[in-house]
Amino acid sequence: MNYLSVENIAKSYGERTLFENLSFGINKDQKIAFVAKNGTGKTSLLKMINGEDTPDTGQIVMRKDIKMAFLAQEPQLQPELTIEESIFASDNDTLKIIEQYEKALENPEDEEAYQKAFENMERHNAWDFETQYKQILFKLKLDDLKLKVKSLSGGQKKRLALAIILINRPDLLILDEPTNHLDLEMIEWLENYFAKENMTLFMVTHDRFFLERVCNEIIELDNGKLYQYKGNYSYYLQKKEERIASENASVEKAKNLFVKELDWMRRQPKARTTKSKSRIDDFYVIKEKAHSRRKEHVIELEINMERMGSKVVELHKVSKKFQDKVILDGFDYTFNRGERIGIIGKNGTGKSTFLNILTQTLQPDAGKVVIGDTIKIGYYTQSGINPKPEQKVIDIIKEYGEYILLTKGRTISAGGLLERFLFDRKKQHDYVEKLSGGELKRLYLCTVLIQNPNFLILDEPTNDLDIVTLNVLENFLLDYPGCLLVVSHDRYFMDKIVDHLFVFRGQGEIEDFPGNYSDFRAYEDSTAPEKEEKTDGNTAKNWKEKQVKQGLSFYEQKEFQKIEREIKDLEYEKKQIEQQFTAGTLAPDAIETKALELQKIIKSLEEKEERWFELSAKMES
């Protein structure tokens, strides 16, 4: 069943053509990723599909009875509403019934209103829906429903927008960089959710693990043409390589034929026969093919790294906290030359604070940071460039000089350097505010690297960069001889460039793990969950444990604790079996057995979670 058709659309801004004659369709149950270079109109296309913009020519046709939702990079939420009010503000009849029931629970003295709300819940079978939406809020860690939107962080806003969409279960979901601002735990949960749910997806994302595990089709816009691949990211890479090899072979064949036909054209008399005229027409087709070439513009990253002495950076007994929130607690570390460290941890555990202390833009409460005399730090932050009004691209680079020093004593002009970062002469004189998100990040990366740092700190460098640019950046960093410290939620990126990890566990606990992200996940998944969570008398580990259990009887409290342990064990067993399927190590005769076992675990997990929510609701009453 066709949900949406894009028919011969084109879009230009002034003299700049983003794309033209694009056509494709989105059908039920497809999970499609749209892949293209930065600045080629990916976000513009999504806005057109969502009705926020219109194409210059062509049309986008949607099936009339389809319910569609759009998750933007920066969600538009009402700042004065609470999380709960934002959820209930959506056009969903069942949610309105649940809202009435929640209000009735808050005013138990009004028995008539409570009875009416209860009967409505029964009549519309809203109990299951309520359980599902609370499960989504629990998984997305939106536990304080009374918080106002204006007080939320970027990651919390993204999770709230995502929760609203998932609760309303649209037929077609359009996603623009869905993993930006989410921590690794959330990204992996979202992956699993989309992989198992029968949802139709159309997305733009740079997260290659996400593409691999969620998408079943990839549409690529390359040099103005669309190419469709029925498979995941690995399949796309393989088939794209085959396509380019075939195109190159075809061009080479045309070149050889062109030489032969050119000789024939030169020897031909002026009088032409019908047959020779046909051959002449073919000659011009061959000529066009022979002179065609792929516009493979690749970023050239090159820096003249400052000499690095024996002393790099040392942290001695560094501590930092904000009120009761501990970020660092007597942290000691001595960086060695050539170290490549990744930093991971949930949002809010202090990763960016740690980087600010390391770069001395924020002072610790205790301890000291010692930076070697030869160390020059390059710090790529999440905030990016802050251009002056009407500042042009070329002006940003000229602030560092008309000529920039490269390796081996060579220099390059500011304009020449920008060309290496894929800003042609015309684009260099555009105003910075006209650039796309990915182009802004690319320009910012240029400003960091031209300062020739020997200690490079990257805070979420992959957000908004296209896959081609990411590959170039990865290859550059693999050869980078200085120290490298990276905070990133891009697991593919981390796997490729780091040697060990700082794992921020929260409350000042930082673990030094010897390996990349996939090594860490394999280690975590192979470790059976502890039967009892460690708690420190004052701080609860999660929002479930914060509940006051006064509403439960003694036996219900025991049941509640037992269910929590059982849920954790079942989630562990489920993950172990799913990994066996992903790895492809199961024998053919074991697949059916494991599939049945997985079904039983999922069913049991759903039952346990439902009972958990019943007891949790009773605690609140």
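Let's start where two helices touch: I97, I98, Q100, Y101, A104 and L105 in helix 3 meet A113, Y114, A117, F118, N120 and M121 in helix 4, where contact means heavy atoms within 4.5 Å. Helices (H or I, at least four residues) and strands (E, at least two) are DSSP runs, numbered from the N terminus. This is a predicted model, so local features need pLDDT of at least 70 and side-chain atom pairs count only at pLDDT 80 or more, while totals for chains, interfaces and linings use all residues. Residues are numbered from 1 along each chain as its sequence is written, and side-chain values use heavy atoms, with hydrogens and water left out.

- By class, the contact of helix 3 with helix 4 has 10 nonpolar, 2 polar and no charged residues; Ala, Val, Leu, Ile, Met, Phe, Trp, Tyr, Cys and Pro count as nonpolar, Asp, Glu, Lys and Arg as charged, and the others, Gly among them, as polar.
- Helix 3 spans residues 93-106 and helix 4 spans residues 111-123; they pack at an angle of about 150°, with their axes 9 Å apart. Axes here are lines fitted to C-alpha atoms, for helices over the stretch in contact, and angles run from 0 to 180 degrees between N-to-C directions.
- Helix 3 and helix 4 cross in a left-handed way, which is the label when the near helix is turned anticlockwise from the far one by less than a right angle (clockwise would be right-handed).

**The chain as a whole**
- You'll find 19 helices and 20 strands in the chain.
- Of its 621 residues, 47% count as buried, meaning under 20% relative accessible area, with exposed over 50% and partly exposed in between (1.4 Å probe, protein chains only).
- Take the contacts between residues at least 6 apart in sequence: 68% of them join residues at least 24 apart.
- The accessible surface comes to about 32500 Å², and 48% of that belongs to carbon and sulfur atoms. Such areas come from the Shrake-Rupley method with a 1.4 Å probe; for residues, only the protein chains shown count as cover.

- An open sheet of 3 strands runs in the order 2-1-4, with antiparallel pairing; two strands pair if DSSP finds at least two bridges between them.
- Strand 2 (16-27) and strand 4 (57-62) are the edge strands, each pairing on one side only.
- From one strand to the next, the twist averages 15°.
- Strand 1 (residues 2-13) pairs with strand 2 over 8 bridges, and S5 has G25 in strand 2 as its bridge partner.
- Helix 1 (residues 42-49) lies across strand 1, strand 2 and strand 4, at about 130° to strand 1.
- In the loop between strand 3 (31-35) and helix 1 sits G41, which is buried with a relative accessible area of 10%.
- Not counting residues up to four places away in sequence, G41 touches L18 and F19.
- G41 and L221 are 180 residues apart in sequence, yet 9.7 Å apart in space, C-alpha to C-alpha.

- Another open sheet has 6 strands in the order 14-17-18-12-19-20, and its pairing is mixed.
- Strand 14 (377-380) and strand 20 (509-513) stand at the edges with a single partner strand each, so one side of each has no neighbour in the sheet.
- Strand 14 runs parallel to strand 17 (residues 455-459), joined by 4 bridges; I377 has F455 as its bridge partner there.

**A buried lysine**
- K441 is in helix 14 (residues 437-449) and is buried, with a relative accessible area of 13%.
- Leaving aside neighbours within four places in sequence, K441 is in contact with Y380, Q382, N463, D464 and L465.
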